[in-house]
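Open the model in your viewer and get ready to click along. We will visit the ligands one after the other and see what surrounds them.

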Amino acid sequence: MKIAILGAGAMGSVYGAILARAGDNDVWLVDRWKEHIDAIRANGLKVTGASGDWLSPSKATTDPAEVGMCELVIVATKTRDIESALTGARPMIGPETLVLSIQNGLGAYDILVKTVSKDRLLLGIAGGFGATIPTPGHVHHNGFEIVKIGATVPDAQPAAETVAKLWAEAGFRAEAAPDIQSMIWSKLICNVTYSAVCGITGLTIGQVMETPEAWRVASSCASEAFAVARARGIALSFDDPVAYVHKFGSAIPGAKPSLLLDRLAGRQGEIDFLNGAVADEGAKLGVPTPTNAIVAGLVRAMEAHDMRPASHKN
Ligand SMILES: NC(=O)C1=CN([C@@H]2O[C@H](COP(=O)(O)OP(=O)(O)OC[C@H]3O[C@@H](n4cnc5c(N)ncnc54)[C@H](OP(=O)(O)O)[C@@H]3O)[C@@H](O)[C@H]2O)C=CC1
Ligand SMILES: CC(C)(CO)C(=O)C(=O)O
């Protein structure tokens, strides 16, 4: 299958590398980060971490016109960049192209449906990867846990199953998700546990779990998000959110959530789609979310002053 990864940062690079390794796929990494793309074009994409240490044969470009029409475009930008990335990606997207978008948090769907027809739109989650780009041309991932792919309308469910099979054949633990709300909220509960607390303190996921004061705040974020999901009528496969997020974190203790990586790099993170979104949903439904509201406020204050967590012992 001809596939473009639109936004080949930390996660997009992992997706592209592994899909390209499968052999049958013609995979392009497309990103506006020239240094990263130039490094891949010159030396290949170096992958280290949970899938081993290896060199991926993915092709890479900053120009969607060089790629041309694709059968599948995987959007792996941050949520706030989806719209502009899709606008620039027009040469890769025709009437038959499937668009699979994989972001953490709430908000991607509302942006995507403005430009992608629902019968070609798939949403996904990737859980337990903890990916970073240590240097241009090199992606590292702490884990290799789960990928779920779902349709937003029943007509697109067969496409979700075909695409999930393609990912599984490439080596991902991937499956089609019959209920995308459940898929999105289950992952959101994990993200809001760690994103803001790590982003504020600079601690890794494992360090938050080991530090009682940090863990109290993190698990309170999880419990509040679980209560909001319940109030929204989201079907979840677990009853104990704290045990659920503890198991999630235990698989990637060394990982730094992307919100922390963004803070360390002085970039705006996804707080509005994570803890901020839980607080907004809670306010609409009358479910108290004081911890999520406070940590979201602190992250926004840090972003406003470009405050970065101090370095700490690992
Ligand atoms: N990192 C992780 O471990 C995980 C992240 N996620 C989620 O996956 C999504 C992606 O995260 P992550 O990979 O960490 O993010 P990154 O910031 O590492 O990667 C996103 C890439 O998209 C690029 N981009 C933005 N806009 C465009 C555009 N218009 N055209 C081309 N490229 C563009 C960015 O460039 P630039 O830097 O210039 O903005 C960046 O290189 C997020 O929603 C995140 O929450 C999910 C699971 C795990
Ligand atoms: C690392 C983390 C928790 C946030 O970016 C993540 O979403 C994942 O790897 O599943």
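Start by selecting ligand 1 and the 21 residues around it; among these, M11, D31, R32, A131 and E270 come nearest. Keep in mind that this is a predicted model.

Now show the side chains of R32, K78 and E270. A polar atom in the R32 side chain lies 2.8 Å from an oxygen atom of ligand 1. For K78, an N or O atom of the side chain is 3.0 Å from a ligand 1 oxygen, and for E270 a polar side-chain atom lies 2.6 Å from an oxygen of ligand 1. Taken alone, ligand 1 exposes 890 Å², and the protein buries 86% of that.

Next, colour helix 1 (10–21) and helix 4 (82–88): each supplies at least two residues of the ligand 1 shell. Colour that shell by residue type and you will find 7 nonpolar, 8 polar and 6 charged residues. Domain 1 (2–178) and domain 2 (182–304) each provide at least three residues of the shell.

Move on to ligand 2. Of the 13 residues around it, G128, F129, G130, K187 and N191 come nearest. Zoom in on G130, where a polar backbone atom is 2.8 Å from an oxygen of ligand 2. Then pick N191, whose side chain has a polar atom 3.0 Å from an oxygen atom of ligand 2. Taken alone, ligand 2 exposes 290 Å², of which the protein buries 93%.

Finally, select strand 8 (121–127) and helix 7 (180–201), which each supply at least two residues of the ligand 2 shell. Where does ligand 2 lie relative to domain 1 (2–178) and domain 2 (182–304)? Both domains give residues to its shell, so ligand 2 lies between them.

Note on methods. Residues are numbered from 1 along each chain as its sequence is written. Chains are lettered from A and ligands numbered from 1 in the order in which they are written. This is a predicted model: local features need pLDDT of at least 70, side-chain atom pairs count only at pLDDT 80 or more; totals for chains, interfaces and linings use all residues. Side-chain values use heavy atoms; hydrogens and water are left out. A residue is near a molecule or strand if one of its heavy atoms lies within 4 Å of it. A polar contact is a pair of N or O atoms within 3.5 Å; within protein, one must be able to donate a hydrogen and the other to accept it, and residues adjacent in sequence count only if both atoms are side-chain atoms. Accessible areas come from the Shrake-Rupley method with a 1.4 Å probe; for residues, only the protein chains shown count as cover. Helices (H or I, at least four residues) and strands (E, at least two) are DSSP runs, numbered from the N terminus. Ala, Val, Leu, Ile, Met, Phe, Trp, Tyr, Cys and Pro count as nonpolar, Asp, Glu, Lys and Arg as charged, and the others, Gly among them, as polar. Domain bounds come from an automatic or database domain assignment.
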